[in-house]
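Q: Could you take me through the packing of the nonpolar core in this model, and then the salt bridges as well? I'd like a close look, residue by residue.

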Amino acid sequence: MGNSCGSYQRNNQRPKRMSEFIFAINEADLADGGKSLVEVEDRLVLIFRIGEQFFCIDDVCTHDGGTLADGNHEGYEVECPRHGARFDIRTGAALCMPAFKPTQVHECQVTEGKVFVKLS
Amino acid sequence: MTQVLEKIGFHEAGFEALMDSLTQPEWLAEMRRDAWAKFNRLPWPSGRDEEWMRTDIRMFNLDKYALGNGGTEAFPEGTLSEGVELSGRLVTVDSVPRVSELAPEWSKKGVLFGPLSQLVNEYPDVIRPHLMARTYDSGVDRFAALHAAFWSSGSLLYVPRNVVVNQPLHTLLALSDGSADLSHTLVILESGAEATLLAESCSLENSSGGVPGGFHCGGIEMIVGPGAHLRYVNLQDLGHGVWQFGHQKAIVHQDASLQWTVGALGSRLSKVNQHVELAGAGATSQVNGVMFTEGKQHLSYHTLQRHAAPHCRSDFLYKAALQDNSRTVWRGMIKVDPGAQKTDGYQRNDNLLLSETARADSIPGLEIEADDVRCTHGSTSGRVDEELIFYARARGFTRKEAIQMIVTGFFQQVFDRITIESVRDALGLSISRRVREYE
Ligand code: FES
């Protein structure tokens, strides 16, 4: 058993930055239609890939702080596994009850096969 | 005196190194081994556990921390003791005792006060019946087991029968950046005894100017004997990079009283279980909680007021003001056992949200198995009233001053219950310094 309380991709051994964009994940490590939980600067975020597009949101459901990492996602929507709230991964908007506040979105940029994130 | 000289990590080799470095009675060594086995058996708490689902610890990594060596850094004086005539003082830095004083008049009367790890060798008969017996369960979660295995230094206050210590005692726990502290506090008041203990924790300034981080995993046990009276104040002002976990429990016996004041201002994330058991008829307890959060702080308090005997009174009031993106979680439970008739239980949590993005969750609960009781609970959450700000500004105050006044007014109800002036002043000042201006 490890001594870390979560399993996710740690990127702290790769401190590359492009201005305020911070390296999050290699493009090749995220398949089309997939999502990955990544630690960026002391924050857990979710990166989604749809075709050549990448999206990043906080791993936080605004209903009651649930983690979206374990939820199902389809198209541009991710569902919170706790009570079923859904969020738009492009805008963070809450799409249905019980959440009504948006979750935070972060800008993504892909350069030379690497996905960078600018934390909002 | 026992000193941890090398940094000791939280793994098998670290545990063995700690055991080699400690001078302790065999029963205590056994207790630690048992707790270490529990740590290795238990999983980390997860978001699937009801108690942890609002408290995300996935970013916590135990391997980043080690028991420090106490260094030689200067430490602050502490704020709770300002202007207070003390009967004793204890300072630890990264779990290593740096100051330990008790006025001779009290030691002559049999009062014990100092580092627990040292006194446990000198007074095992006083300590053994209580240490991690009824007031600490090392199997409740992985942090509790880790604490029971690795605790070091800590503090002991023992007041013999009918001794009234009329000047407060003060403990200061300082944590250096990146270090771990697993101090254990044990307070024993024999029947008819009285004492006031002011305990505060803080982080030492980070030499690089960054936010001080670290790991604090504490345990507090208080035994208030029949007819005894204890006032205990705990001010937590750790750096905003510190992970804090704590299990705290008091047992209040017949006709005894406990006034427990909590000031929770610091840490990156705190998860604290606070439990008061009223174990003898006529026991009373009052808990005053003051929380102020900012930035991305997350403070999670889980309180339990357990009525195990009849004719007892418990009164818990927690007030929290939150700014920026911070979050508080308060889960309070009043539990009344079948025989605890004529119970009078009260719990309340009020939250003042100073920003749009702060969030406070209140989950009060009752579990009553007796049929002649009075138990009430309530909670409120609200934003700063713009009309009040307008009113204050029309009288020449700035917006910031107006907000500071509103925040002070919000906390007044709980400040009025705190009977120690230096504590009221320290809390009031720390909070008003933190309040920022919001549009
Ligand atoms: S916590 Fe996500 S829907 Fe309730």
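A: Let's start with the largest nonpolar core, which has 64 residues; B:F10, B:F60, B:F150 and B:F215 are the ones that touch the most other members. Its largest share, 7 residues, comes from helix 6 (residues 142-150) of chain B. Apart from this core lies another one, of 46 residues, with B:L189, B:A228, B:V272 and B:C312 among them. By nonpolar core I mean a set of buried Ala, Val, Leu, Ile, Met, Phe, Trp, Tyr and Cys residues joined through side-chain atoms within 4.5 Å. Buried is under 20% relative accessible area, exposed is over 50%, and partly exposed is in between (1.4 Å probe, protein chains only). Helices (H or I, at least four residues) and strands (E, at least two) are DSSP runs, numbered from the N terminus.

A word on the ground rules: this is a predicted model, where local features need pLDDT of at least 70 and side-chain atom pairs count only at pLDDT 80 or more, while totals for chains, interfaces and linings use all residues. Residues are numbered from 1 along each chain as its sequence is written, chains are lettered from A and ligands numbered from 1 in the order in which they are written, and side-chain values use heavy atoms, with hydrogens and water left out.

Now the charged side chains. Searching the whole structure turns up 35 salt bridges over all chains, each being a side-chain nitrogen of Lys or Arg within 4 Å of a carboxyl oxygen of Asp or Glu. One of them pairs A:D64 with B:R359, with the closest N and O atoms 3.6 Å apart. Since A:D64 sits in the loop between strand 6 (53-58) and strand 7 (73-74) of chain A, and B:R359 in strand 21 (residues 359-368) of chain B, this pair joins two chains. A:D64 is buried, at 8% relative accessibility, whereas B:R359 is partly exposed at 23%.

Within chain B, B:E50 bridges to B:R54, the closest N and O atoms again being 3.6 Å apart. Here B:E50 is partly exposed at 41% relative accessibility and B:R54 is buried at 13%.

Then there's B:E386 with B:R399, where the closest N and O atoms are 3.1 Å apart. That one links distant parts of the chain: B:E386 is in helix 7 (residues 386-394) and B:R399 in helix 8 (residues 399-417), 13 residues apart. B:E386 is partly exposed at 45% relative accessibility, while B:R399 is buried at 7%.

Finally, shared partners tie A:D64, A:R82, B:E50, B:R54, B:R327, B:R331, B:R359 and B:D361 into one salt-bridge network.
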